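Hi,

Here is the structure I promised to pass on. Have a look first, and my notes on what turned up follow below.

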Number of protein chains: 2
Amino acid sequence: MTQNELKDCHKLIKSHVHRTPVLTSRLLNEISGATLFFKCENFQRMGAFKMRGATCAISRLSKNQKSKGVVTHSSGNFAQALSLAAKRLGVKAYIVMPSTAPQVKKDAVKGYGGIIIECPPTLEDREKTAIQVQEEKGATFLHPSNNLDVILGQGTAALELLEDHADLDYIITPVGGGGLIAGTALAAHFYSNHCKVIGGEPFEVDDAYRSLQSGKIESNTTTNTIADGLKTQLGDINFPIIQNYVSEIIRVEEDEIISSMRLIWERMKIIIEPSCAVPFAALLREKDKFKNKKVGIILSGGNVDLKNLPF
Amino acid sequence: MTQNELKDCHKLIKSHVHRTPVLTSRLLNEISGATLFFKCENFQRMGAFKMRGATCAISRLSKNQKSKGVVTHSSGNFAQALSLAAKRLGVKAYIVMPSTAPQVKKDAVKGYGGIIIECPPTLEDREKTAIQVQEEKGATFLHPSNNLDVILGQGTAALELLEDHADLDYIITPVGGGGLIAGTALAAHFYSNHCKVIGGEPFEVDDAYRSLQSGKIESNTTTNTIADGLKTQLGDINFPIIQNYVSEIIRVEEDEIISSMRLIWERMKIIIEPSCAVPFAALLREKDKFKNKKVGIILSGGNVDLKNLPF
């Protein structure tokens, strides 16, 4: 991979995604002791950074591949992102979803033009069904996080953040499947002098933390976290990037996630989803490390069920 | 009053208030059929436009007046705004509040450095207590909405909006005590070619609507609205300005306020208080009028109790 590849991806997706604003907050600076720059991907199209990776991955397919469509298995933000990105690019998106997925998630995918293909609610069935779609329709499988084009697309958020604020000491992102943090780490590696990339991860699903310790991809045995976007594990494409370019992973407790989410809602007046509060929680947990530093925080998404808030 | 007076006020307060961003939303444009420009005073210091008027009114006092402090009676956003503005300007702020006011509101005022003076919970007691403070301390009384300097300060939000988007056809604001809409109407009168100013008001507290009809200041007999910032009535200073420069007032039902608030939360991922949703509700209620027009909407504030949401 070369430095230019990330810039090329940015050019490719620019007209399809928002250049999201970078917000600051005097109050949260005071509380944290650091100078914070929040990259607001909660304001991104369909409400999350995943729109970047989905758009990038589809855009880089060949004409022939595009004509046959794309397929993924996800019931979260990537399903919506792939549906919307595909619609904008005139490509069919097949979304394999467990039949048990909440109706609101199915409706969101349909609303963005995705074609839902239901399957039984096991990982095995999901993968089997996705393979079937690839075989029957000739569609290209795009993994939500373990795909280099997706990773590069997600990295464009940090690229924009570093364009706006070149002198950041740190960027913190949440860690779920690893796509966002891997892309962010590449962006910081190529486009900053000294900016370190740190991951925030719930103790409840600390597979990435343990993977970095053991040197191999670990799984989660429990998934009991409010940060429902972070339950997935790393993959063989993003893990080496994370090993090479991520400084460390800070783990946080559930109550720290909730109080950080609330602080951002109340003080910044913006809506973020629980997963999105994890980096700020990580920063507050290790305040001393970040004292008087310039810290970029990727606010990853704002899709939250208003009827089911943790406060 | 001259055109320059508003600009002078803006210069005076500029370093003490945020120049709030103007957000747009493709989705809300689609839903409304208009092109919308949201002036985000929910991102203003202390979370509401009231910071502008409070700062302006204190700044324009004489040195002698400043040395003796200011006093107001309010338990809402103006109490917090006056406290914070006074603190920044090195002035004492006495806030007369009913003893029954929620602790969270008292704490907010104290947090911003305001000096709370409690009184029994009637309007008569409030006014009597405020007069006492004026006499004992020599403090200057500043009314939350019926004060020309406050009105000019509130008008600076629309001034900034028109600086950014000179060609608006309409600006819609909520109508409570009348300070914001009067200031907005002055800004549009002085600094736009043809921009009309419209008020949004709940049917439940439609005193301003009825005042424009009858030609005299009307009161509310009921105050049964979720838009708790809009229960107050117009005053003799802002009413003539509203009569001269406001085109009309559109009334909305409670369920329209709630669904508009929810739309803005879900689609724009920003937190607004119920009063703040009233202008957008007014626009949706009379869609035809605004079809294909450029409409500025003042999002007045974002101070909301997360434990007591209407959805």
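Let me start in chain A, where strand 8 (residues 196-202) and strand 9 pair in the parallel sense over five bridges. Here strands are DSSP runs of E with at least two residues, helices are runs of H or I with at least four residues, both numbered from the N terminus, and two strands pair if DSSP finds at least two bridges between them. Within this pairing, A:Gly200 has A:Ile250 in strand 9 of chain A as its bridge partner.

A word on the basis of all this: the model is predicted, so local features need pLDDT of at least 70 and side-chain atom pairs count only at pLDDT 80 or more, while totals for chains, interfaces and linings use all residues. Residues are numbered from 1 along each chain as its sequence is written, chains are lettered from A and ligands numbered from 1 in the order in which they are written, and side-chain values use heavy atoms, leaving out hydrogens and water.

Back to the sheet in chain A: six strands make an open sheet in the order 1-2-10-7-8-9, with mixed pairing. Strand 1 (22-23) and strand 9 (248-252) of chain A are the edge strands, each pairing on one side only.

Chain B has an open sheet of four strands in the order 5-4-3-6, and there the pairing is parallel. Strand 5 (115-119) and strand 6 (140-141) of chain B each have a single partner strand, so one side of each is left without a neighbour in the sheet. Five bridges link strand 5 of chain B to strand 4 (residues 93-98) of chain B, and B:Tyr94 stands opposite B:Ile115 in strand 5 of chain B. Helix 6 (residues 103-111) of chain B packs on this sheet and touches both strands, at about 175 degrees to the direction of strand 4 of chain B. Contact means heavy atoms within 4.5 Å; axes are lines fitted to C-alpha atoms, for helices over the stretch in contact, with angles from 0 to 180 degrees between N-to-C directions.

Now the interface. Chain A and chain B each bring 18 residues to the contact. Together they bury about 1700 Å², 62% of it on carbon and sulfur atoms (the accessible area, 1.4 Å probe, that two parts lose on being put together, summed over both). A:Lys269, A:Ile271 and A:Leu306 supply 38% of the area that chain A buries against chain B, more than any other three residues. Helix 12 (residues 254-268) of chain A gives the most to that side, with four residues.

Best wishes
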